[in-house]
Amino acid sequence: MQEVGKNVTATFKVKDVLFFECHSEADIDKIRAQYGKDICADDDFWELKKNAKYATLIFVADPKTVEPFKVYKSDRSAFKTVNSVKEELVINRRTIIKHPRDCERGKHYFVFEGHTHCRFCGCAFTYEETMRTRPDYQTVKRIMRPSMWNDEWLHVELDHVAKAKLPQIGRQDVRKRLIKSVGVCPADDGRQTPYYGNPVYYAQHGLGCCCRKCLEKFYGIPKDVPLLEHDLEYFTDLIMEYIRERCI
Ligand SMILES: [Zn+2]
Ligand SMILES: [Zn+2]
């Protein structure tokens, strides 16, 4: 637990996580009716959230105060959890646990700061040149293996909503989704691709075309230029390959 911009002062265990897709105010009302008492939020909070599209409820247990410490955090993700203090780090809202030994095992967490390197051990992502040649799906998949986050997304099992959509996904859907999410860099870049409900999201996170940050990080595409037609076609091809593979 951490106040914005301050030290971490307490830890807790996550007992359960519920994820909701909200289509109307009624959906939010339902969540409030069922969990409102435990959420302990005032009316202003619910007023603010009435048009929310997604909701994540995290049930916590076993809260403990700890000696205050800082967590390195450069993005705007709401949750970055530290389990056994300083030993494990959950990156982003999904349950990917980063152990210090992951780097030794060849699993890194790449960031782009002029060049692409691991946030934790500093090693370089050595495929920058290859990625600029826009390699085929199998090659990209292989290249993503050392990237813990992407590799996990490429292999994780689809949720049941995404699974149901799998046979209906066509090229045009993928194109549209890419234009909408990464055609140009949106103000909320990094948050435009959900984690649930569509196999295209999984493919985007896995293949590094979920946001403009990832396109820059892995494919060397500058954030401030609109996505070019040949790249749009390229990423559509990659995602369609993923979809085909998942359909088998
Ligand atoms: Zn590393
Ligand atoms: Zn991304």
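Trainee: Let's start with the metal, then: which residues coordinate the zinc ion (ligand 1)?

Mentor: In this predicted model, the zinc ion (ligand 1) is held by the SG atoms of Cys103, Cys118 and Cys121 together with ND1 of His108, at distances of 2.1 to 2.4 Å.

Trainee: And is the site tetrahedral or irregular, going by the angles among the donor atoms?

Mentor: The site is tetrahedral, with angles of 96 to 115° among the four donor atoms.

Trainee: What spacing do the donors follow along the chain?

Mentor: The spacing reads C-x4-H-x9-C-x2-C.

Trainee: Switching topic, where does Asn150 sit, and why does Asn150 count as buried or exposed?

Mentor: Asn150 lies in helix 5 (residues 148-155), and Asn150 counts as buried because its relative accessibility is 1%, where the cut-off for buried is under 20%.

Trainee: What does the side chain of Asn150 make a polar contact with?

Mentor: Its partner is the side chain of Ser147, at 2.6 Å. Leaving out residues up to four places away in sequence, Asn150 also touches Met144, His205, Gly206, Leu207, Gly208 and Phe218.

Trainee: What about Trp153, where is that one found?

Mentor: Trp153 is in helix 5 as well, and with a relative accessible area of 1% Trp153 is therefore buried. The C-alpha atoms of Trp153 and Gly206 are separated by 4.6 Å, although the two residues are 53 apart along the chain.

Trainee: Now the packing: how many residues has the largest nonpolar core?

Mentor: That core has 45 residues, and those with the most contacts inside it are Leu207, Tyr219, Phe235 and Ile239. Several elements each supply at least two of its residues, among them strand 6, helix 5, helix 8 (199-207) and helix 10 (229-247).

Trainee: Which helix gives the most to this core?

Mentor: Helix 10 does, with eight residues.

Trainee: And what is Ile239 in contact with?

Mentor: Apart from neighbours within four places in sequence, Ile239 contacts Val174, Leu178, Val200, Ala203, Gln204, Leu207 and Cys209.

Trainee: Which residues does the second core include?

Mentor: The second core is separate and has seven residues, including Cys22, Ile28, Trp46 and Ala55.

Note on methods
Residues are numbered from 1 along each chain as its sequence is written. Chains are lettered from A and ligands numbered from 1 in the order in which they are written. This is a predicted model: local features need pLDDT of at least 70, side-chain atom pairs count only at pLDDT 80 or more; totals for chains, interfaces and linings use all residues. Side-chain values use heavy atoms; hydrogens and water are left out. Donors are N, O and S atoms within 2.8 Å of the metal (3.2 Å for Na, K and Ca); water is not among the atoms, so sites may look incomplete. Four donors count as tetrahedral if all angles lie between 85 and 135 degrees; four count as square planar and six as octahedral if opposite donors are over 155 degrees apart and all others between 65 and 115; anything else is irregular. Helices (H or I, at least four residues) and strands (E, at least two) are DSSP runs, numbered from the N terminus. Buried means under 20% relative accessible area, exposed over 50%, partly exposed in between (1.4 Å probe, protein chains only). A polar contact is a pair of N or O atoms within 3.5 Å; within protein, one must be able to donate a hydrogen and the other to accept it, and residues adjacent in sequence count only if both atoms are side-chain atoms. Contact means heavy atoms within 4.5 Å. A nonpolar core is a set of buried Ala, Val, Leu, Ile, Met, Phe, Trp, Tyr and Cys residues joined through side-chain atoms within 4.5 Å.
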